[in-house]
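Here is a report on one structure. The sequence and model come first, and the notes follow.

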Number of protein chains: 2
Amino acid sequence: MNINSNYQQLKAQYLFKCISDRAEAYLASHPDQRLLRMGVGDVTRPLPHAIVEAMQQAAGELGNPDTFRGYGPEEGYEWLRQCIIDNEYTPHGITLDTDEVFIGEGAGSDLGNLSELFASDNRVAILDPTYPAYTDSNIMAGRAITFLPCVAENDFVPELPKQKADIIYLCFPNNPTGIVLTHEQLRRWVDYARQNRSIIIFDAAYESFIRQPGIPHSIYEIEGATEVAIEVRSFSKSAGFTAVRCGYTVVPKATGLQAMWLRRQCTKYNGTSYVAQRAAMATYTPEGRAGIRANLDFYLGTARLIKDRLHEMGYQAYGGENAPYIWCRAPYGWDSWTFFDHLLRECQTLCTPGAGFGPSGEGYVRFSAFSRREDCELALERIKQH
Amino acid sequence: MNINSNYQQLKAQYLFKCISDRAEAYLASHPDQRLLRMGVGDVTRPLPHAIVEAMQQAAGELGNPDTFRGYGPEEGYEWLRQCIIDNEYTPHGITLDTDEVFIGEGAGSDLGNLSELFASDNRVAILDPTYPAYTDSNIMAGRAITFLPCVAENDFVPELPKQKADIIYLCFPNNPTGIVLTHEQLRRWVDYARQNRSIIIFDAAYESFIRQPGIPHSIYEIEGATEVAIEVRSFSKSAGFTAVRCGYTVVPKATGLQAMWLRRQCTKYNGTSYVAQRAAMATYTPEGRAGIRANLDFYLGTARLIKDRLHEMGYQAYGGENAPYIWCRAPYGWDSWTFFDHLLRECQTLCTPGAGFGPSGEGYVRFSAFSRREDCELALERIKQH
């Protein structure tokens, strides 16, 4: 048996695993310390009551012979897919069929697995810095990757690739920089893809943090995007479902890929937990909606606090207005891991080193506004003192 | 952008999708009829109370700020992995480390995704008939496949491949034939894999149906198997979790693949639902264990009923003693789909056509003992009359 040798091209460890290992090593030698976690993009606010209740009711149904159910459709229940269209797309003037919406157990899996639909000889364009799974999943598939720098000099807005790109990963609001694209900026990418027969994989996991009017919430707000774009979304960030596990991916039939993705999912996926799908439905009830909006606003308040305090201390900090992330330049010309280690040892604060997101992330770190408010305040106080 | 052209080698539709489409078409033209579903291997008995309660408690924890949790470990919670080892492996004299056990959202996903770890030039050996996802996921990866016939002439026990096989899929208790292997029969495969540097992907999803003493419950009961075998298991069939979604895969370090699978999961998977993992834990409580054992015994009772009645009617029927499936030869030399259509139209009964499981399945159908008891009785009565 021969292994997939592309794996040998990967860095030894996935970024977030690497960070948690360093944190654990620090705690092992400093057992009296508590870490202030501003690193990983994991939510901390409890689920609204309406969502908990929906899950408990769904679990109860599975214990009753009259309401028990087994496998759901591989692509998710029709009621949830229709509800997503009605609430997320129709209000923005976007028309989709329910068979173009696929429920999954999270955006991370779909973003990784979508790569299977394409030949290995495609050239991939990926923003730099970026969520590392796009890069890693394409390295695993043996594809050539072009990185598109997003740096202070271009206001973190990527330029169109100079070399033809077949598959383009875009993420807006951006992880890690927190930057959004305007309608005009996003249209350039859709036009590029239409001219070059490229496919855009649009990661809209942070869509629900957009507050600025006029910023597109979906790539399908751009004319012609249903021909060239797959959009991936998650309830993890919008509704705090990182433990519940539910997301969805839109594969319009006009892309020519809808039947392939359906075939992939029917073969390698047995559908999303019924309990999680009921939880997702409950995010669209009045009570559920109010509860998750309150949580989102709270996180955006934390983001504002982090950014303002960093500015007061003289740091260059970006994002955090339509996104839960603040992208902060390291002081003294330090590299990312030096600043990371400084924050870990001197301030007992965890951030994510920008270099972990790609070469253009070097010299930056990412702070997450999903962190506990009191931890952020304490961390910022310590950063001020060191 | 070029698509993965291997997809063009697939049959247009996944088997079970194909069956449900035929069933829906029949119902559309016979709206007054109700179908007796003995086809898909989906459970019908409600979850034991202890499991429902564990899920409701887990959901409740997510609604409380003091007990809220976000992402779990990509490989699953340590408490569940340890509990699985203590309950499923230690009693059989098998030693595993917790980092060799990976919790996932179902065996179907893991069985499909494991294929990524291997180069595309490996030769794959697959039992025929077989669960179609093994074949389809390897067609998607562009691998050459050798089928190993399991037919009445060899008592449905596969012979070792004549041409060297690099990756071997085994499933025992078998889906669809319901056959089990003895210790000696399984040892021949482990020895073959060790001699040929092959890897065995052992699907043990139906392990909990084994009642005959001396039949191995895990491939790791065979000496040396940890060097050459990955074992995939599911709570779907053992505990009725087809809607809950939880399973696990054992990748021993001695295979040399444990670090690769961890890297794959950390990149393309964000961990299994906390609620589902708590549900899985509850299957090991005294109440949970008693409840799922009662359900398993009930299904095995249905299996015995189906097999006995078919025998009384003069059918050749196999399996159903250590497995929830009965493999039945079609009468009058009919092919599988002819018998399927006869059962659908004349008896309003759904089965799974054997040809859908591979060429050696032609002339057979599979009946599932997961079906409702009263539906089985009615279906068998109608089959007797037609």
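## Backbone and packing notes

Pro129(B) sits in the loop between E3 and H5 of chain B. Helices (H or I, at least four residues) and strands (E, at least two) are DSSP runs, numbered from the N terminus. A cis peptide bond joins Asp128(B) to Pro129(B), with omega about 5°.

This is a predicted model, in which local features need pLDDT of at least 70, side-chain atom pairs count only at pLDDT 80 or more, and totals for chains, interfaces and linings use all residues. Residues are numbered from 1 along each chain as its sequence is written, while chains are lettered from A and ligands numbered from 1 in the order in which they are written.

**Other backbone features**

Most residues other than glycine have a negative phi, and most peptide bonds are trans.

| Site | Backbone value | Location |
|---|---|---|
| Phe172(A) to Pro173(A) | cis, omega near -5° | Pro173(A): loop between strand E5 (167-171) and helix H6 (183-196) of chain A |
| Asp155(A) | positive phi of about 55° | loop between strand E4 (144-149) and E5 of chain A |
| Gln348(A) | positive phi of about 50° | loop between helix H12 (336-347) and strand E11 (349-350) of chain A |

Are Asp155(A) and Gln348(A) buried or exposed? Asp155(A) is exposed, with 10 other C-beta atoms within 10 Å. Gln348(A) is buried, with 20 other C-beta atoms within 10 Å. The cut-offs are these: a residue is buried if 20 or more other C-beta atoms lie within 10 Å of its own, exposed if 12 or fewer, and partly exposed in between, with C-beta atoms placed from the backbone.

**Helix H5 of chain B**

H5(B) spans residues 132-140. Eight of its nine residues are buried, so the helix is largely enclosed by the rest of the structure. The buried residues are Pro132(B), Ala133(B), Tyr134(B), Thr135(B), Asp136(B), Ser137(B), Asn138(B) and Met140(B). Within chain B, they pack against helix H1 (15-29), helix H4 (107-113), strand E3 (123-128), strand E4 (144-149) and strand E5 (167-171). They also pack against helix H9 (258-268) of chain A. Just after H5(B), Gly142(B) has a positive phi of about 75°.

**Core**

The largest nonpolar core has 234 residues. Such a core is a set of buried Ala, Val, Leu, Ile, Met, Phe, Trp, Tyr and Cys residues joined through C-beta atoms within 7 Å. Ile200(A), Ala279(A), Ile200(B) and Ala279(B) have the most contacts inside it. Neighbours within four places in sequence aside, Ile200(B) touches Ile168(B), Leu170(B), Trp189(B), Ala193(B), Ile219(B), Val228(B) and Ala229(B). Contact requires C-beta atoms, placed from the backbone, within 7 Å.

**Symmetry and interface**

Chain B superposes on chain A by a rotation of 180° with 0.0 Å of shift along the axis (RMSD 0.0 Å). The two copies are thus related as by a two-fold rotation axis. Of chain B's residues, Gln56(B) comes closest to the axis, at 2.4 Å (C-alpha).

How many residues of chain B are in contact with chain A? There are 65, in contact with 65 residues of chain A. H2(B) supplies the largest share of the chain B side, seven residues. That side divides into 30 nonpolar, 23 polar and 12 charged residues. Here Ala, Val, Leu, Ile, Met, Phe, Trp, Tyr, Cys and Pro count as nonpolar, Asp, Glu, Lys and Arg as charged, and the others, Gly among them, as polar. 100% of the interface residues of chain B are also interface residues in chain A, so the copies meet through the same surface.

Definitions and conventions. Two residues are in contact if their C-beta atoms, placed from the backbone, lie within 7 Å. Copies are superposed by least squares on the C-alpha atoms of residues with pLDDT of at least 70 in both.
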